[in-house]
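Please look over the sequence and structure below before reading the report. It takes up the ligand surroundings, a sheet and a helix in turn.

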Amino acid sequence: MNLSDIINYTDGIPHYDLKNIIQYLEYKGKHKFGAHFRISPHDYEIIFQIISWIVNDQKACEKYGMSYRKGILLSGPVGCGKTSLMKLVATLVPKNRAYIMKPTREITMEFSKRGYDIVNQYSRSVRSPKAICFDDLGVEPPMRYFGDRINVIGEILLSRYDLFISKQILTHATTNLNTQEIEIRYGSRVRSRLREMFNLISFSPDAEDKRR
Ligand SMILES: Nc1ncnc2c1ncn2[C@@H]1O[C@H](COP(=O)(O)OP(=O)(O)OP(=O)(O)O)[C@@H](O)[C@H]1O
Ligand SMILES: [Mg+2]
């Protein structure tokens with residue numbers, strides 16, 4: 001079964017039953033992550049927002065202040081399920097919206113081996129898929145380049161913004177940080193671009209840690 005089997009597009013407008021969609025996500029999630037996977041009613045609101053983005057439900061997107069043209073910045077407390085959810089969403093999006101997951105920690109490790117070329121690598125539009133979900137923004141260790149401090153992920157985010165503006169290439173991310181903390185970590189230039197390139201979707205601050 002595919003997502004498109006439970007969505008009915010009439011005149012380009014998606015019609016679907018949210019209960020069916022939740023069931024479908026649980027089915028896919030169990031398949032991908034194991035039988036313990038379930039979607040808690042506490043997370044329904046988050047799921048609805050993401051669904052309206054996936055299926056381009058303009059009415060719902062409007063209600064949530066979201067845009068189909070932008071990426072997703074999924075924030076929330078440790079262990080609430082951000083990474084799993086973005087991995088699941090990656091299996092549901094249409095081909096032209098495919099993205100890869102990339103832990104920010106891996107990028108900084110690549111940077112310490114290969115230097116500045118890494119910034120260019122994640123800022124290019126020729127990669128396939130073009131869209132990237134930076135997983136765990138803000139936990140990567142600070143880097144130095146010939147003694148100078150460099151904010152590798154911050155630099156990459158600024159370049160990704162340029163890609164978004166010039167070529168509509170999407171960037172997604174997961175993070176434990178709120179926008180204020182993102183500004184502290186990456187500076188005001190990154191913060192000022194966030195709203196323009198991302199739909200900001202947040203788990204409730206007291207969402208349970210699903211690792212427990
Ligand atoms: N919907 C779910 N049902 C059951 N278990 C889940 C669900 N989502 C995630 N988990 C489990 O909870 C744990 C944490 O999930 P995940 O890594 O996605 O959280 P996270 O928000 O990305 O955490 P962190 O902030 O540390 O990056 C994992 O072991 C995962 O398998
Ligand atoms: Mg995570």
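## Around the ligand

How many nonpolar, polar and charged residues does the shell around ligand 1 have? The model is predicted, and in it the shell holds 5 nonpolar, 9 polar and 5 charged residues.

Of the 19 residues around ligand 1, those that come nearest are Gly-81, Lys-82, Thr-83, Ser-84 and Lys-210. Two elements give two or more residues to this shell: helix 1 (18-33) and helix 4 (82-90). Helix 4 gives the most, with 3 residues.

## The sheet

Strands of a sheet pair through backbone hydrogen bonds, in either a parallel or an antiparallel way. Here 5 strands form an open sheet with parallel pairing, in the order 4-5-8-3-9. Strand 4 (99-103) and strand 9 (198-202) are the edge strands, and each pairs on one side only. On average, neighbouring strands of the sheet are turned by 15 degrees against each other, direction ignored.

Within the sheet, strand 5 (residues 131-137) and strand 8 (residues 171-175) pair in the parallel sense over 4 bridges. Leu-137 has Thr-175 in strand 8 as its bridge partner. Helix 9 (residues 188-197) packs on the sheet and touches strand 3 (71-75), strand 8 and strand 9. The direction of helix 9 makes about 90 degrees with that of strand 9.

## Helix 7

Helix 7 (residues 152-167) has 16 residues, so at 1.5 Å a residue it should span 22 Å. Its end C-alpha atoms are 22 Å apart, which agrees.

The buried residues of helix 7 include Val-152, Ile-156, Arg-160 and Phe-164. An α-helix has 3.6 residues a turn, so residues three or four places apart point the same way. After helix 7 comes Gln-168, with a positive phi near 55 degrees.

Terms used:
Residues numbered from 1 in each chain as written. Chains lettered and ligands numbered in written order. Predicted model: local features only at pLDDT ≥ 70, side-chain atom pairs only at ≥ 80, totals over all residues. Near = placed C-beta within 6 Å. Nonpolar A, V, L, I, M, F, W, Y, C, P; charged D, E, K, R; others polar. Expected span 1.5 Å × (residues − 1). Buried ≥ 20, exposed ≤ 12 C-beta atoms within 10 Å, placed from the backbone. Pairing = 2+ DSSP bridges. Axes fitted to C-alpha atoms, helices over the stretch in contact; angles between N-to-C directions. Contact = placed C-beta atoms within 7 Å.
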